[in-house]
Amino acid sequence: MLLARSGPASVIRAPRRVVAHAVAAAVATLLLAGGPAAAAATLTVVGEARLSAPPDMAVLTTGTMTSAKTADDALAANSKAVTEVIAALKAAGIEPRDIATANFSIQPQYSFPQQGSREAPKLIGFEVRNSVRVTVRDLARLGALLDKVVQSGANQASGLSFALAEPGQLDREARSAAVKDAMDQAKALAAAAGVRLTRIVSIQPETQGGGPLPPVPMMMKADAARMSVPVEAGEIEVRARTLMVYEIEPM
């Protein structure tokens, strides 16, 4: 009797193994189907733009240098001279908020003996320098202003630069133009390659040197008829660069 039952029992267990293997295979197939999809194809473009505008303000650094045998005398003479320069600036219409001390120094002056001499250097006096930074918001008055500061006693000039009162506007326009340039390139390349742009994956503004690009002066003729001193204001140029990545698919 036992031998007669052993046959059917072995026949019933075999299908259970087959079903178990089939279920495991089905689960594995589902897991594979739910895995990450293949990465979509992308198109990367770089848009660039350069915009320029005439400056509407200038920054002038000017001042006086005086020397005397004693520090007190040199300082007194310099203070008098700088006071007259500042008074001339205010008389020309420059507001107090646009006048700021840029540098002040007192240095001893020595007379050095001839080479090979054992004599020590001799103190012969002191030199005082005092300069102010002036913001000129009306460029039409810049030439006449330069004349006035010299006539008032200024004998030092360490810099004259031009700028925009609102540089952010030109920067924003340049960035927008760079984005448009990138989009135009992407459309042209997609059409040539026979693919379709589906969506923008990323937009990344870039600048050279890791920071905003400095203004680049460009020479242009000034209106000499209204300026006592010929001044060439030039133009301010802003550069923008934008990297864009598009997802694409076959047409």
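Reader: What is the mean pLDDT of the chain?
Author: The mean is 79, and 76% of the residues reach 70 or more. pLDDT is the predictor's confidence in each residue, from 0 to 100. This is a predicted model: local features need pLDDT of at least 70, side-chain atom pairs count only at pLDDT 80 or more, and totals for chains, interfaces and linings use all residues. Residues are numbered from 1 along each chain as its sequence is written, and side-chain values use heavy atoms, without hydrogens and water.

Reader: How many residues of strand 7 are buried?
Author: Buried means under 20% relative accessible area, exposed over 50%, partly exposed in between (1.4 Å probe, protein chains only). Strands are DSSP runs (E, at least two residues), numbered from the N terminus. In strand 7 (residues 236-250), 11 of the 15 residues are buried, so the strand is largely enclosed by the rest of the structure.

Reader: Which strands do bridges join to strand 7?
Author: Two strands pair if DSSP finds at least two bridges between them. Strand 1 (residues 42-53) runs antiparallel to strand 7, joined by 12 bridges. There V46 stands opposite L243. Strand 6 (residues 195-206) is also antiparallel to strand 7, with 10 bridges. P205 stands opposite T242.

Note on methods
Helices (H or I, at least four residues) and strands (E, at least two) are DSSP runs, numbered from the N terminus.
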